[in-house]
2 protein chains.
Amino acid sequence: MSEHVPAARPELRQDPTLDRWTVVAPERGARPGARLEPGGHGYVQAEECPFCGGREYQTPPELAARRDPPGTADGPGWRVRVIPNRFPAVRRDVPGGALLDGLFRRHGGHGAHELILEAPEHVVSLTDLSPARAAEAASVYRERVAALRADGRFAAASLFKNVGPAAGASVEHTHSQLIALPVVPRTVVEELDAAERYRCENGRCLFCDLVERELAAGRLVRESMSFVAVAPYASRVPYETWIFPRRHGAHFDEIAPDEAAELGAFLHGVLTQVERVADRPAYNFYVHAAPFAAPASVPYHWHLEVVPRTTTQAGFEWGTGFAINPLPPEVAAARLRDAAG
Amino acid sequence: MSEHVPAARPELRQDPTLDRWTVVAPERGARPGARLEPGGHGYVQAEECPFCGGREYQTPPELAARRDPPGTADGPGWRVRVIPNRFPAVRRDVPGGALLDGLFRRHGGHGAHELILEAPEHVVSLTDLSPARAAEAASVYRERVAALRADGRFAAASLFKNVGPAAGASVEHTHSQLIALPVVPRTVVEELDAAERYRCENGRCLFCDLVERELAAGRLVRESMSFVAVAPYASRVPYETWIFPRRHGAHFDEIAPDEAAELGAFLHGVLTQVERVADRPAYNFYVHAAPFAAPASVPYHWHLEVVPRTTTQAGFEWGTGFAINPLPPEVAAARLRDAAG
């Protein structure tokens, strides 16, 4: 039984001892900012920024944009612009399909990898824009997730943002990423399992109950008509904050357009609080939502997690899957509330 | 139902939606090198190093040491020295015990947190010592794990090393850490589950079979009489390397003294290969071993994982629990083999 020889095409490989997949993506090593090789590139800043308005020719043709009329695709004048990633982790033109070879399970790297540029001007954080512009950005997040779901060929998508080199950003200019995958992320699978068990035992949504308990415990960070943010009970890092929609719903892309706009402004507020207490740290945020094919009745409740990167994940975290957090989330929540508008 | 107020004492909290524990350890924020607060300390280097020989008075009294006779505890002349961590994640004097309060499960932060200083001179990596000295260090690793297991009050221990700020080291001077915990690390629980299932279905050890398959696939990195190192199939990062003992065994501390010494020299060789191909990167390594209370017959196979930190974990990794690796492990293995002595 001969082992398959890896091509330059991306593929997903599952760890034989854990439910963990790695996207082996040779093309990613070539991207600006990638530090794979000694002496590799650094962090792409303003001078050579391909994401700034006026440099549209430096990127692949856009997939969508918000611009004032009259505007032409790939011309200037956009407010939010969506482009394919030039250095994709997964690709539409790679066939999917699972293969099991003895202990080794893999999937073709079929997927999509998009970038959402939230501003033509060279800013770093979502908070460098107005709340109204963050609202428009979140509306585009919703539209792009809906578009990938409607495609029908992907299992799920991960929407996320990296701000600052310590959070894994390789380009400084504010942007979010959307990766559609042939398998459902492990974290979502586990949350779904827990929520399914909880509904069997309690007849209710785990996340709806959790939000109530977080608020009762004094870990509120921010609230609006449709959203609530908390410093979660088992926060892994200082100032970790989770945003939940009050209205139960499994799918992020099924929120109403006005809810998406409210989410953007709300997220802008939460990030402002985090940046005040932690001195503008590097941060990530990402959305957890139900698998694309799941019906709306699936026992899941989409949410968005903000992870400031003021501490470094070390050998303990890598080795155990646990975290060490020096800041009790009750203290974090109080400080974040004090830093609100 | 009132929520408990967190004390300054460490406690473990389980995420209500995942099998993930966080050690909430307020004391850790006070340690040198902790960057919890804006303007916090940086990376402790030679000038103010408390781990150098001659500065024994700057650390708590030693728990064990290897020194030439005549020597006195906490005096100079040691080759390897074990001390309690002054800023522990968990503590012997904190009561253990699990508590479930509605959705929130916690454990008292009962445990131990030791530092193993592998050299009195101010060096950074294990490779800055001779293979013979790395062999002695690994013998001390084995002894300390055995001592914590013999204590009888801990569920498991995590032995790990952080080298370089990008790998979470807060002190430059070479040292490893050993944290005994009241719960078994999530990664070990998952590997154990997989290995148990595999034995039920195949009657063999998952890890023994895995090593054979990794070698057949050409992902060998290094081998010796008792050990073999491979670039695993689903490597998460460039040059990730796993070391397995050829002799099946569940418990790290049950290896023979000469095997421990051989492991140290072997690890020294692997790290030398990694440092040559990746230009002395920051790195972590950690040991995965069976829970302390498990019998020797438990279907587990201890191993050691080396994780070079040349890439940054970003929003995708945090959000999905997956990894993106730009370097196929087959390529990594070939380069690492070429870099061998």
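## The second largest cavity

In this predicted model, strand β8(A) gives the largest share of the lining of the second largest cavity, at four residues.

Sort the lining by class and you get 13 nonpolar, five polar and one charged.

## The largest cavity

A search of the whole structure turns up three cavities of 30 Å³ or more. The largest holds about 600 Å³ of space, and 22 residues line it. Nearest its centre you'll find Glu317(A), Trp318(A), Gly321(A), Glu317(B) and Gly321(B).

Both chains take part here: α2 (186-202) and α5 (315-320) of chain A, plus α2 (186-202) and α5 (315-320) of chain B, each bring at least two residues to the lining. The top giver is α2(A), with three. By class, the lining of the largest cavity splits into seven nonpolar, six polar and nine charged residues.

## Two helices packed in chain B

Now for some helix packing. Helix α1 (residues 131-151) of chain B packs against helix α4 (residues 257-278) of chain B at an angle of about 130 degrees, with the axes 7 Å apart. The two are therefore oblique to each other, and α1(B) passes α4(B) in a right-handed crossing.

On the α1(B) side, the contact residues include Ala134(B), Ala138(B) and Arg142(B); on the α4(B) side, they include Ala261(B), Gly264(B) and His268(B). Overall, this contact has eight nonpolar, three polar and one charged residues.

Methods: Residues are numbered from 1 along each chain as its sequence is written. Chains are lettered from A and ligands numbered from 1 in the order in which they are written. This is a predicted model: local features need pLDDT of at least 70, side-chain atom pairs count only at pLDDT 80 or more; totals for chains, interfaces and linings use all residues. Side-chain values use heavy atoms; hydrogens and water are left out. Axes are lines fitted to C-alpha atoms, for helices over the stretch in contact, and angles run from 0 to 180 degrees between N-to-C directions. Angles under 35 degrees count as roughly parallel, over 145 as roughly antiparallel, 65 to 115 as roughly perpendicular and the rest as oblique. A crossing is left-handed if the near helix is turned anticlockwise from the far one by less than a right angle, and right-handed if clockwise. Contact means heavy atoms within 4.5 Å. Ala, Val, Leu, Ile, Met, Phe, Trp, Tyr, Cys and Pro count as nonpolar, Asp, Glu, Lys and Arg as charged, and the others, Gly among them, as polar. On a 1 Å grid over the protein atoms alone, a cavity is a set of points where a 1.4 Å probe fits but cannot get out, and a pocket is an open set with protein on both sides within 12 Å along at least five of seven lines; lining residues have an atom within 4 Å of a point. Grid points are joined across faces, edges and corners, and a volume is the space filled by probe spheres set on the points.
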